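Biologist: Please take a close look at one part for me: the place where the two chains meet. Keep it brisk.

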Protein chains: 2
Amino acid sequence: MNQRMYGLGSKSSVIREIFEYGKRRAAEIGAENVYDFSLGNPSVAPPQAVEDAIAQLLQGKDMTALHGYTSGPGDMATREAIAAHIRGSFGVPADAAHIYMTCGAAASLTISLSAICNAGDEVITFAPYFTEYKVFTETAGARLLALPSDPATFQIDFAALEGALSPKTAAVLVNSPNNPSGVVYGRETVKKLAALLAEKSAEYGRTIYLISDEPYRELVYGGVEVPYLPAYYKDTLVCYSYSKSLSLPGERIGYIFVSPQAKDEAALFLAVCGAGRALGYVCAPSLFQKVIARCQGMTSDVSVYEKNRNTLLSALTSYGFTCVRPDGAFYLFMRSPEPDANAFCEKAKQYDLLLVPGDDFGCAGYVRIAYCVSPAMIARSLPAFEKLARSYGL
Amino acid sequence: MNQRMYGLGSKSSVIREIFEYGKRRAAEIGAENVYDFSLGNPSVAPPQAVEDAIAQLLQGKDMTALHGYTSGPGDMATREAIAAHIRGSFGVPADAAHIYMTCGAAASLTISLSAICNAGDEVITFAPYFTEYKVFTETAGARLLALPSDPATFQIDFAALEGALSPKTAAVLVNSPNNPSGVVYGRETVKKLAALLAEKSAEYGRTIYLISDEPYRELVYGGVEVPYLPAYYKDTLVCYSYSKSLSLPGERIGYIFVSPQAKDEAALFLAVCGAGRALGYVCAPSLFQKVIARCQGMTSDVSVYEKNRNTLLSALTSYGFTCVRPDGAFYLFMRSPEPDANAFCEKAKQYDLLLVPGDDFGCAGYVRIAYCVSPAMIARSLPAFEKLARSYGL
């Protein structure tokens with residue numbers, strides 16, 4: 001058998017391990033006494049519009065068509081609805097011919113990377129970063145180069161980026177709002193990034209693509225703007241997923257948008273289609289393609305996440321912990337009061353607080369706290385966080 | 001960008017091209033005058049049980065859980081239902097721990113091949129074979145060796161197989177009932193295959209896996225038996241899909257069953273999990289995982305396919321065409337009356353008969369006729385087939 005695959009299957013994710021521990025612990029002492037902040041699973045239901053769309057579609061006459069194959073890039077009406085939403089919301093050119101429907105964000109990324117990369121290429125991302133980026137990049141035959149961010153803000157360290165870009169760079173992969181830091185890249189950052197990539201593409205005589213992984217686009221708080229990257233950099237692929245915005249993570253539905261302004265965009269889109277084919281993706285799930293066509297611009301009630309962020313951030317800070325203020329997503333990235341975040345997480349476990357060490361996100365000395373949980377659980381967990389802080393003399 | 005992916009995306013499938021031609025032609029002369037036998041898209045609706053299961057699930061209280069992530073290998077209740085069905089129907093050991101839920105047959109195959117193969121390995125299959133086998137095998141870093149079948153019966157040519165097996169052979173990939181020939185491998189064939197693979201595995205000191213691609217398992221006619229391969233050969237992976245049996249091709253739902261009797265089965269299952277992860281499959285679509293758990297052992301009304309087979313086979317034979325009698329699936333593989341099946345398909349087009357040349361299935365001189373169409377269309381098409389036969393002097 002294949003040893004890379006065996007390795008990936010047997011080294012189960014740290015997040016999943018903690019989650020499984022939490023289930024066992026809940027059976028011992030009651031679910032209400034375990035404060036599980038491990039998983040990025042949306043805690044709010046999909047909007048009613050999703051259930052209405054499913055019900056309406058099931059009342060149609062032609063179930064063979066409803067559940068039938070769509071074309072590889074997706075149902076045309078769905079692709080048109082998405083393109084119209086992109087044009088209307090972000091003021092960039094977009095049309096159905098540049099939308100490729102996928103089985104969610106992981107598929108969007110694996111397909112995009114496989115379409116772009118050749119053996120020996122490098123893909124640059126910024127730590128902390130979603131743990132699976134390394135896996136997906138290696139599937140595409142390339143190597144992930146994770147650069148440290150500015151430690152005070154978790155924004156891009158441009159000196160580090162300039163030093164890392166090279167003729168081997170196939171793509172820069174960004175994730176804003178970020179998992180696990182919650183940080184959003186503002187307009188100035190994006191402009192600077194775009195200018196640098198344009199300059200280096202010209203210098204090296206190869207297109208450096210920008211891949212924007214944005215499942216958390218709509219999960220931002222306090223009116224923060226998330227700049228739309230195709231408006232700033234032409235060689236952009238947007239990898240989108242409805243997992244978080246519509247609370248549909250299990251249904252595996254998302255898309256890739258290849259900017260029509262990208263160089264050789266028609267060929268690039270065909271490479272995306274070819275990568276989908278090569279990886280065994282025949283089409284995205286057909287019922288949910290049609291559902292999300294009817295739910296463009298809608299989201300679940302994400303206000304609960306903002307409330308959770310505010311409660312948790314102010315409490316943790318008052319106990320003496322240090323976090324970078326997250327403007328989006330549903331994660332807090334908190335500094336571990338001891339250098340080894342794994343040891344800190346073990347200690348937190350003694351208070352039945354389940355946190356994820358930052359090491360797997362490429363950022364030792366931090367922990368991720370996923371606050372996509374009920375406000376009641378957060379309230380119950382605060383005394384445990386306070387005791388944990390005291391145990392460190394904070 | 002990646003040239004392999006660009007190539008796969010830009011060389012669209014011949015089947016799709018013919019299908020698109022059919023749609024244009026239908027706009028010109030009316031859909032009722034075009035006899036499109038190109039696509040293997042089920043023509044019968046899913047059984048009522050599917051719609052009932054969806055409706056019931058949507059009446060549940062917890063939409064967050066219904067549409068939420070399942071674990072990577074799938075929803076435990078679904079995996080248990082499938083394992084129970086396998087035990088009950090085929091009398092082989094099976095348990096939930098050996099079932100990995102997938103986004104359909106293409107995903108099942110790509111994941112299985114990636115779990116098993118290493119660079120430089122060979123995978124053996126028998127022509128005619130489903131066109132994408134080559135693509136999926138190459139994604140896994142291996143080379144597909146397609147052996148000709150016995151031309152009179154399209155059964156396995158064992159002399160050819162014995163000559164092709166080598167220390168490089170990672171797997172033999174079979175598809176019974178077969179797309180595109182409709183042929184089913186009987187018990188004696190399967191026993192002979194199992195004995196040969198066991199002998200060669202011992203001789204080479206490496207496990208040669210048997211991959212059984214069986215989306216057409218339930219589509220068999222006249223009471224023909226489809227032997228269950230894990231009952232005959234221990235190192236078997238079954239790649240199953242509900243696309244054809246429940247008429248859900250667009251919903252992308254299927255599974256891999258790793259036989260518990262396989263060598264190092266626990267490690268092999270982990271390699272399957274790892275391959276799913278590496279290829280960007282997070283979990284199979286959650287709603288349809290729960291739907292198919294409630295529809296084990298059910299099928300769409302496949303009797304229409306048997307009726308279609310009988311009508312078409314007897315008519316074509318009476319016009320002078322030659323086909324191997326298909327016992328299953330919904331395809332006829334007909335001998336072209338001229339050596340070049342592409343030229344024959346062009347001629348057929350003049351009568352608005354849309355057939356697919358066998359070349360892409362690794363079998364020149366034949367055409368595939370997908371009879372998953374309405375009986376009315378078959379009846380309307382017969383005069384055109386008769387004229388086509390006459391034009392060849394049959």
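Modeller: Here is the contact between the chains, followed by some background on the chains themselves.

This is a predicted model, in which local features need pLDDT of at least 70, side-chain atom pairs count only at pLDDT 80 or more, and totals for chains, interfaces and linings use all residues. Residues are numbered from 1 along each chain as its sequence is written, and chains are lettered from A and ligands numbered from 1 in the order in which they are written.

Now the contact itself. On chain B, 60 residues are in contact with 60 residues of chain A (C-beta atoms, placed from the backbone, within 7 Å). Several helices of chain B each supply at least two residues to this side, including H1 (3-10), H3 (48-58), H6 (105-116) and H11 (286-293). Helices here are DSSP runs of H or I, at least four residues, and strands are runs of E, at least two, numbered from the N terminus. H10(B) gives the largest share, ten residues. By type, the side of chain B that touches chain A divides into 36 nonpolar, 20 polar and four charged residues. Nonpolar means Ala, Val, Leu, Ile, Met, Phe, Trp, Tyr, Cys and Pro; charged means Asp, Glu, Lys and Arg; the others, Gly among them, are polar.

Next, the chain behind that surface. Chain A has 14 helices and twelve strands. Its C-alpha atoms fill a box of roughly 60 × 55 × 50 Å along the principal axes. Of the 394 residues in chain A, 56% are buried (20 or more other C-beta atoms within 10 Å of the residue's own, all placed from the backbone; exposed is 12 or fewer, partly exposed in between). Among contacts in chain A between residues at least 6 apart in sequence, 75% join residues at least 24 apart.

A:Asn310 sits in helix H12 (residues 303-318) of chain A. A:Asn310 counts as partly exposed because 13 other C-beta atoms lie within 10 Å. A:Glu265 is 45 residues from A:Asn310 in sequence and 42 Å away in space, C-alpha to C-alpha.

Methods: Contact = placed C-beta atoms within 7 Å.
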